[in-house]
Protein chains: 2
Amino acid sequence: MESHNPVPDITVDTNYGVCAAAGFRAAGVEAGFKASGGKDLALVVNDGPEFTAAAVLTSNRVAAAPVHWSREVIRQGTCRAVILNSGGANACTGAQGFQNTHETAENVAERLGVGAGDVVVCSTGLIGEQLPMDVMKAGIPAVTDALAAGPEAGKSAAEAIMTTDSVSKQACAARDGWTVGGIAKGAGMLAPGLATMLVVITTDAKLPADALDRALREACRVTFNRTDSDGCMSTNDTVALMASGASGNTADELEFTRALTAVCHSLAQQLITDAEGASHDIAITTVGAATETEAEDVSRTVSRSNLLKAAVFGNDPNWGRVLSAVGTTAAQFDPDQIDVTINGVMVCRNGAIGDSRDNVDMAAARAVDIVIDLKAGHHQATVWSNDLTHDYVEENSAYSS
Amino acid sequence: MESHNPVPDITVDTNYGVCAAAGFRAAGVEAGFKASGGKDLALVVNDGPEFTAAAVLTSNRVAAAPVHWSREVIRQGTCRAVILNSGGANACTGAQGFQNTHETAENVAERLGVGAGDVVVCSTGLIGEQLPMDVMKAGIPAVTDALAAGPEAGKSAAEAIMTTDSVSKQACAARDGWTVGGIAKGAGMLAPGLATMLVVITTDAKLPADALDRALREACRVTFNRTDSDGCMSTNDTVALMASGASGNTADELEFTRALTAVCHSLAQQLITDAEGASHDIAITTVGAATETEAEDVSRTVSRSNLLKAAVFGNDPNWGRVLSAVGTTAAQFDPDQIDVTINGVMVCRNGAIGDSRDNVDMAAARAVDIVIDLKAGHHQATVWSNDLTHDYVEENSAYSS
């Protein structure tokens with residue numbers, strides 16, 4: 001899929017994840033949260049010598065208990081472990097829910113010999129149900145006992161955070177003297193559990209906490225934040241980044257940001273590609289915008305048009321649905337100047353009928369490339385999305401029952 | 001369906017429409033725009049003695065040629081006729097499209113002996129195709145020849161603007177000495193042709209143009225503008241109101257606004273109830289808001305959650321999807337204070353688990369009533385929507401092909 005976002009030209013290996021960097025151990029076990037069975041409790045531990053950390057958490061004002069907890073943990077710029085469960089979001093669960101998150105962190109901390117305030121907690125699943133704490137308390141010794149370094153351990157953690165993902169998601173990039181790698185689950189249509197996206201990234205580079213934070217925010221801005229499957233923001237979204245410094249090498253902040261962005265881009269693309277119910281991946285690129293923010297706004301608005309997404313499902317290059325969505329934004333443009341190109345065919349030229357829509361082949365491939373030229377400036381942004389399908393409706397029509 | 005919007009307590013008769021008021025003739029004929037056949041050209045004519053008019057047109061910046069034309073016509077506060085075709089939106093059709101609208105108005109004007117600048121034009125159908133003007137030019141004499149007063153003529157016009165509507169929509173309210181009535185087509189899921197909503201309303205009351213304009217904007221604000229089927233705004237939406245003064249009676253502006261609001265409310269409810277693909281009508285009411293605007297914003301944001309809409313299709317009272325949508329708004333609230341009631345059961349209390357979701361029966365009726373209490377003030381607003389169903393995806397996945 002062609003991309004107009006600034007994705008660094010860095011090779012990413014999707015066979016390795018959180019244990020690719022030195023100084024980390026991980027594990028994934030079946031604790032019993034999921035009614036369907038399978039691994040559902042993951043742990044990623046930073047063995048140091050440094051414990052620098054950063055995180056980006058959901059901006060949803062209705063945030064889950066683990067998000068409130070983790071926001072406090074990460075405020076100090078350090079973290080020693082991330083514990084993650086699938087099978088329950090622990091969102092909208094009141095004081096009891098927060099107490100359960102606190103108790104989870106305490107149990108993990110005790111087993112690791114660290115402080116509870118060093119443990120980030122992530123949960124994913126149905127909103128509005130309390131976590132079964134007997135399951136959690138039995139699962140924590142099991143997952144800490146299973147901790148190991150190496151590719152198998154990292155993959156096991158990636159598997160334990162899956163909900164309806166059909167494959168686990170890993171990505172890593174090795175640079176000169178240090179490595180960055182991560183795991184991810186969820187995204188949009190993929191996750192009936194409110195599209196929760198959980199990501200854990202590790203690096204053995206040496207970096208101060210403020211540089212780590214800046215790098216993570218910039219990487220998320222142009223990758224995860226431009227992945228918009230169904231416009232629904234989760235109460236639990238968490239991207240956590242831990243740096244062990246175990247390589248002994250200090251990374252240049254710009255180079256680290258580039259490698260981190262490449263890893264985040266790969267994980268985001270893996271999320272979109274595995275989106276359940278989707279039959280097309282759609283890259284919506286707005287070019288010629290007056291600002292990057294306006295380019296992103298236009299791409300995002302188009303990515304949220306149910307009418308367009310249903311048309312893409314039907315392999316219908318219905319460009320009128322692109323223009324009608326663009327027209328609802330406040331971006332600078334002259335409606336009589338807009339071009340729209342679908343899979344290389346300029347079906348709309350200067351806001352009116354362009355080349356024949358019959359020339360557009362959407363059935364041949366899963367990828368659909370939509371480019372909107374506003375002719376109002378020199379900025380651009382891509383948002384990645386999916387089509388709206390029968391399977392999406394099916395997946396999401398009976399999740400809690 | 002319970003409503004918390006200020007819907008006037010005025011009896012509305014849905015058997016009569018644009019010919020209920022004195023001074024109007026109408027007609028609907030089969031011109032040949034629709035490949036599927038059936039009536040597709042409608043005309044509503046004001047015979048006076050007054051010709052006061054107002055209109056609310058789409059705020060989409062990518063507006064159809066007939067919208068650009070009609071905006072100029074209505075600027076003078078008068079209008080003698082509205083011509084409407086289904087089977088083609090005449091949107092994104094460039095200079096040729098505007099010329100076709102102009103020519104349509106001229107042809108109608110010539111047959112009626114009025115000026116082209118007195119004719120409002122409305123179109124609905126696929127975006128990005130030129131209208132077949134041979135069909136239009138043959139249809140206009142046919143529809144002017146068919147003009148008549150009385151219920152049958154009004155119903156015929158209501159039928160000719162239908163696209164995938166399963167029934168035509170009319171509403172009228174008779175007050176002391178004057179009457180207001182209208183016809184409507186489209187809305188959200190109902191219309192694969194980009195949800196285009198076309199409405200023509202007539203009255204025989206005597207009112208100055210500025211009062212007519214104020215009344216129409218207020219009525220639309222709390223009815224059509226709070227009907228949000230799929231969040232997709234049309235390039236062609238038009239609500240036109242013509243006043244003939246034929247009753248000889250001057251209407252009080254407030255009383256006229258109330259009657260007009262009742263008629264618009266009825267038409268809007270008829271649109272939602274007939275929405276194709278939908279299996280549930282959803283009334284989303286936000287109460288306890290700091291301002292009416294915030295109440296509307298919260299209700300509208302919830303109405304646009306695909307995850308919630310798919311859950312409603314599955315008769316699943318998934319209140320977590322309500323809260324996660326509320327959390328994305330900027331409205332004033334404390335997340336730990338929000339109550340959510342679905343069909344009378346308070347499933348979420350103070351932002352956490354309330355009464356059992358098992359007590360909610362969503363399968364028994366088409367209507368679903370969701371009430372969100374922000375506990376931040378005393379304002380409220382209802383937005384009406386539909387569920388997201390397999391039939392919606394099917395309807396919208398292959399419209400232009």
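Visitor: Through what do the copies meet, and why can one say so?

Guide: In this predicted model, 100% of the interface residues of chain A are also interface residues in chain B, so the copies meet through the same surface.

Visitor: What should I know about the conventions?

Guide: Residues are numbered from 1 along each chain as its sequence is written, while chains are lettered from A and ligands numbered from 1 in the order in which they are written. Because the model is predicted, local features need pLDDT of at least 70 and side-chain atom pairs count only at pLDDT 80 or more, totals for chains, interfaces and linings use all residues, and side-chain values use heavy atoms, with hydrogens and water left out.

Visitor: How many residues of chain A are in contact with chain B?

Guide: 56 residues of chain A are in contact with 56 residues of chain B, contact being heavy atoms within 4.5 Å.

Visitor: And what area is buried between them?

Guide: About 4400 Å² is buried between chain A and chain B, and carbon and sulfur atoms give 57% of that. Buried area is the accessible area (1.4 Å probe) that two parts lose on being put together, summed over both.

Visitor: How many salt bridges does the rule find across the interface of chain A and chain B?

Guide: The rule finds two salt bridges across that interface, each being a side-chain nitrogen of Lys or Arg within 4 Å of a carboxyl oxygen of Asp or Glu. In a salt bridge, the side chain of E129(A) meets that of R357(B) at 3.5 Å, N to O.

Visitor: Which elements of chain A give two or more residues to that side?

Guide: They are α8 (306-313), α9 (320-326), β13 (352-353) and α10 (390-397) of chain A. The largest share, six residues, comes from α10(A). Helices (H or I, at least four residues) and strands (E, at least two) are DSSP runs, numbered from the N terminus.

Visitor: Changing topic, how is chain A divided?

Guide: Chain A has domain 1 (24-273) and domain 2 (281-397), with bounds from an automatic or database domain assignment. Their centres, taken over C-alpha atoms, are separated by 32 Å.

Visitor: What do the two domains bury between them?

Guide: The area buried between domain 1 and domain 2 of chain A is about 1600 Å², of which carbon and sulfur atoms give 42%. There, 18 residues of domain 1 are in contact with 19 residues of domain 2.

Visitor: Which side chains meet in a salt bridge there?

Guide: The count between these domains is one salt bridge. The side chains of E292(A) and R221(A) meet in a salt bridge at 3.3 Å, N to O. On the side of domain 1 that touches domain 2, α5 (209-222) and α6 (253-273) of chain A each supply at least two residues, and α6(A) gives the most, with four residues.
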